[in-house]
Amino acid sequence: MTAGLGYVVVALAALECVLLVIIVMLRVLLRRNRRRADQFRPAAELAVASYLAAGTTVIPATYPAERAIWRDVALEAMSDLSGSERAALAHLLDDLSYVSDATSDLRSRRRTTRRRGAETLAAIANADSLTALATGLHDRDIQVRMTCARALAEASGIEEIPDIITAVIRDVRTASGAVADVVLALGREHPDALEPLLRPDAPAEMRSIAMAVVSEIRLTQYAPMLRECLVRGDQNLAAVARGLGMIGDVEAVPALIGLAEDESHKPAVRAAAVAALGSIGDPSAAGSMERLVRHENWSLRATAAQSLSGLGNPGRGVLERAARSPSNEVREQVQAVLQS
Amino acid sequence: MITFGIVVFVFFLAFIVVHTGLLIAAEVELRRYSLRTKAIGLRHRVRSPLAPAVSILVPAYNEAAGIADSVRSLLALDYPRTEIIVINDGSTDGTIQRLTEAFGLHRVIRPTPPYLPHEAVRGIYAPASDLRLLVIDKENGGKADSLNAGINFSSYPLFCTIDADSILEQDALVKTALPFIEDPIRTVASGGLVRIANGCRIEAGRVAEAQLPRERFPMFQVVEYVRAFFSARTGWSAIGGLLIISGAFGIFSKGAVIAAGGYRTGIVGEDMELVVRLHRSCRLRRRPYRIVYVPDPVCWTEAPARARVLRRQRGRWHRGLLEVLFIHRRMILNPRYRVVGLIALPSMLLFEALGPLIELAGYAVSIAALLTGVIAPLDFVLFLALAILYGQFLTLGAIALEDATFNRYPAWGDLRRLLGYAFAESFGFRQMLHLWRLEGFWQLVRKSEWGAMDRHGFSDSNPVSPSPDTRPG
């Protein structure tokens with residue numbers, strides 16, 4: 001036993017020595033990288049700023065480390081720029097052959113390199129990079145696929161849309177956040193493209209994201225589709241109601257009143273309909289709200305009180321009447337709204 | 001004696017298997033995290049209108065000294081939509097007056113939502129300006145009770161808990177919220193890395209320069225935190241068995257927490273209890289879920305610098321742990337709860353709750369065995385060396401992971417001090433902590449208040465007192 005224990009102790013001590021060497025080597029490496037960044041970064045930042053301000057000629061970086069720092073500085077600057085300045089910087093990066101570098105990075109076997117390539121191409125997003133980004137839609141790494149899809153959604157023409165749609169539907173279950181970004185970009189640049197994502201046969205997660213995007217950017221063209229969902233009794237009624245409210249669709253008011261008053265639905269769904277009625281601001285909802293502001297459910301009552309403040313004079317009249325209610329809860333709720 | 005020796009040996013073997021596994025899982029997870037965040041444009045994420053809004057809950061008990069600075073630094077955080085809710089838990093030091101003066105608050109009418117029970121609200125205050133700030137003044141009920149009140153009054157789908165005396169880095173919120181942005185359907189809670197602020201240069205409520213503490217006890221705790229956050233917590237998160245999100249800093253889904261019943265009052269470890277209950281509630285409702293630890297976001301907090309305070313803190317933490325394990329005893333070894341029931345909770349029971357007892361008894365029995373000649377002196381020395389070396393191996397592994405990812409203490413002098421303290425902790429500090437933790441068993445029958453700490457605030461010159469609950473384990 002003693003010998004066995006001795007061997008284990010020696011092995012563990014040796015392992016710790018190896019760990020110590022690894023720590024020291026890591027630190028040496030990190031210090032070297034920091035030194036390089038300190039050496040090259042200020043010059044790169046100055047060159048980018050001078051180029052943008054006065055169109056000063058940029059001397060291409062020679063060392064690989066310098067090139068990498070140059071790229072990082074330019075990409076950081078691009079995330080803060082828009083319009084002609086951004087286009088000018090993208091043009092410069094293309095001239096300095098960063099697009100061809102990133103295109104070959106996208107073919108690398110290493111995932112990190114491919115991700116870096118996709119990010120660079122997505123930031124530059126000129127004609128050459130779009131061709132490379134389109135191939136990235138079929139990459140085996142989800143992050144590369146979504147980066148390419150977002151860039152294409154923001155910058156490409158309609159011919160790439162079917163491939164983008166296929167990619168987002170494929171990845172919605174595993175990367176819903178990244179997919180939401182792509183759908184948002186798609187909605188902003190190509191609003192018509194969201195139609196297949198809202199259809200009843202689309203995956204539920206996909207429809208939910210598409211509805212959130214339609215609401216967020218208030219795509220009025222989808223109001224009839226959302227109304228249809230409301231009438232049909234969609235499985236995500238709260239999101240549908242929210243969307244109609246954000247769009248401000250007056251034609252949806254009768255259906256929303258119906259949903260708000262329907263006791264068979266959950267309070268959260270009904271509250272979403274009540275909030276939507278408040279956002280639309282149609283005074284015809286005041287009668288229904290007058291009943292709901294006295295409802296026993298707290299969230300329904302609170303939302304109704306809040307929504308009444310968006311219905312103009314009829315809403316204010318209802319609030320003032322409710323402020324004289326014998327119920328303490330109702331009075332308190334209404335007074336809070338009137339005070340704000 | 002021999003039977004006990006076998007028990008200690010099996011315990012030690014199990015400890016090695018579990019903790020080496022966690023270290024490996026942490027390495028994989030940290031590498032994955034670094035790769036992912038290097039490629040994600042954080043600025044792009046922050047600006048996305050689809051990023052969920054977050055209510056920041058700041059429970060405060062006698063925090064007059066530093067509350068205004070804390071709120072100002074929270075108001076300056078990088079995040080698209082936040083509101084700050086300070087919950088004054090019956091302070092007697094003029095916390096409310098301090099806030100009123102600093103932010104021009106006035107009393108407003110707000111009905112109390114009925115989602116979670118809490119002590120009576122005395123008044124609600126809001127600024128006349130557009131600042132997204134709400135102050136709830138309520139009767140004293142403890143930290144958990146304050147958080148329940150904050151959840152009730154919050155308007156957003158996510159809430160973040162932060163101790164009033166902690167400091168968040170500028171991008172800490174967006175990094176911790178990232179799991180919710182990336183996987184909004186499944187993520188129910190996300191915790192961030194907590195570091196020790198003792199020794200750091202603090203200016204205007206921000207850590208201007210990260211430095212290691214000069215005092216002995218905080219320095220030992222830095223080593224402890226590095227090991228806990230970079231090895232244990234990251235490892236548990238990687239395998240889906242994360243049981244603790246520090247009360248000092250975490251983001252939660254409001255809906256999931258309300259569905260689970262909110263914070264449990266009357267116990268010490270309310271942060272751990274909530275996380276365990278979230279696991280339980282999601283499993284019972286068959287809801288797909290993730291509770292994750294994000295190894296990068298930094299919340300700076302003060303560690304106890306005095307033995308008396310550290311002793312009280314560790315006793316309280318241990319009592320909290322025992323309470324949680326007792327409350328959720330049916331989950332232990334229950335296959336319904338998968339990793340949490342079969343690995344995480346049993347490990348917590350064996351290595352954290354009973355560990356101090358077994359280890360201290362192990363020392364006593366080993367010495368007795370040595371003195372009575374049951375074991376040879378060489379075996380005794382080798383076993384002791386094995387225990388010490390393994391503890392140091394875990395610490396070195398965690399330091400290597402920290403270096404490879406964030407390297408917040410880059411100077412060679414910092415490394416020397418970290419390694420020195422990692423070596424020294426096995427000779428006295430560790431055993432002392434175990435003794436103090438055993439006091440947690442006694443504290444189970446003696447209740448104490450959560451806010452009984454003397455606070456001075458994070459101003460540039462003031463020394464600061466420890467956070468009530470920032471456990472690293």
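In helix α12 of chain A (residues 223-232), the buried residues are Ala223(A), Met225(A), Leu226(A), Arg227(A), Cys229(A) and Leu230(A). Buried denotes under 20% relative accessible area, exposed over 50%, and partly exposed the range in between, with a 1.4 Å probe and protein chains only. Helices (H or I, at least four residues) and strands (E, at least two) are DSSP runs numbered from the N terminus. The cover over the buried residues of α12(A) includes α10 (195-198), α11 (204-216), α13 (237-247) and α14 (253-261) of chain A. Just after α12(A), Gly233(A) adopts a positive phi of about 80°.

The model is predicted: local features need pLDDT of at least 70, side-chain atom pairs count only at pLDDT 80 or more, and totals for chains, interfaces and linings use all residues. Side-chain values use heavy atoms, with hydrogens and water left out, residues are numbered from 1 along each chain as its sequence is written, and chains are lettered from A and ligands numbered from 1 in the order in which they are written.

**Interface of chains A and B**

The size of an interface is often given as the accessible area lost when the parts come together. Between chain B and chain A, about 4300 Å² is buried, and carbon and sulfur atoms give 64% of this area. Buried area here is the accessible area (1.4 Å probe) that two parts lose on being put together, summed over both. In chain B, Leu50(B), Ile109(B) and Trp412(B) lose the most area to chain A, together 15% of what that side buries. The contact (heavy atoms within 4.5 Å) takes 48 residues from chain B and 46 residues from chain A.

Across the interface, eleven residue pairs are in polar contact, both residues being at pLDDT 80 or more. A polar contact is a pair of N or O atoms within 3.5 Å; within protein, one must be able to donate a hydrogen and the other to accept it, and residues adjacent in sequence count only if both atoms are side-chain atoms. On the side of chain B that touches chain A, the largest share, 16 residues, comes from α13(B).

Leu394(B) lies in helix α13 of chain B and is buried at 6% relative accessibility. Beyond four places in sequence, Leu394(B) touches Phe15(B), His19(B), Leu23(B) and Arg227(B). Glu29(B), in helix α1 of chain B, is buried with a relative accessible area of 12%. The side chains of Glu29(B) and Arg32(B) are joined by a polar contact of 3.1 Å.

**Salt bridges**

Side chains of opposite charge can pair when their charged atoms come close. A salt bridge is a side-chain nitrogen of Lys or Arg within 4 Å of a carboxyl oxygen of Asp or Glu. The count over all chains is 44, and between chain B and chain A it is one.

| Pair | Closest N to O distance |
|---|---|
| Arg27(A) and Asp403(B) | 2.6 Å |
| Arg122(B) and Glu139(B) | 3.7 Å |
| Glu169(B) and Arg408(B) | 2.7 Å |

Both Lys138(B) and Asp145(B) are buried, whereas Arg122(B) is partly exposed at 35% relative accessibility. Arg408(B) is likewise partly exposed, at 22%. In chain A, a network of salt bridges links Arg41(A), Glu45(A) and Glu76(A).
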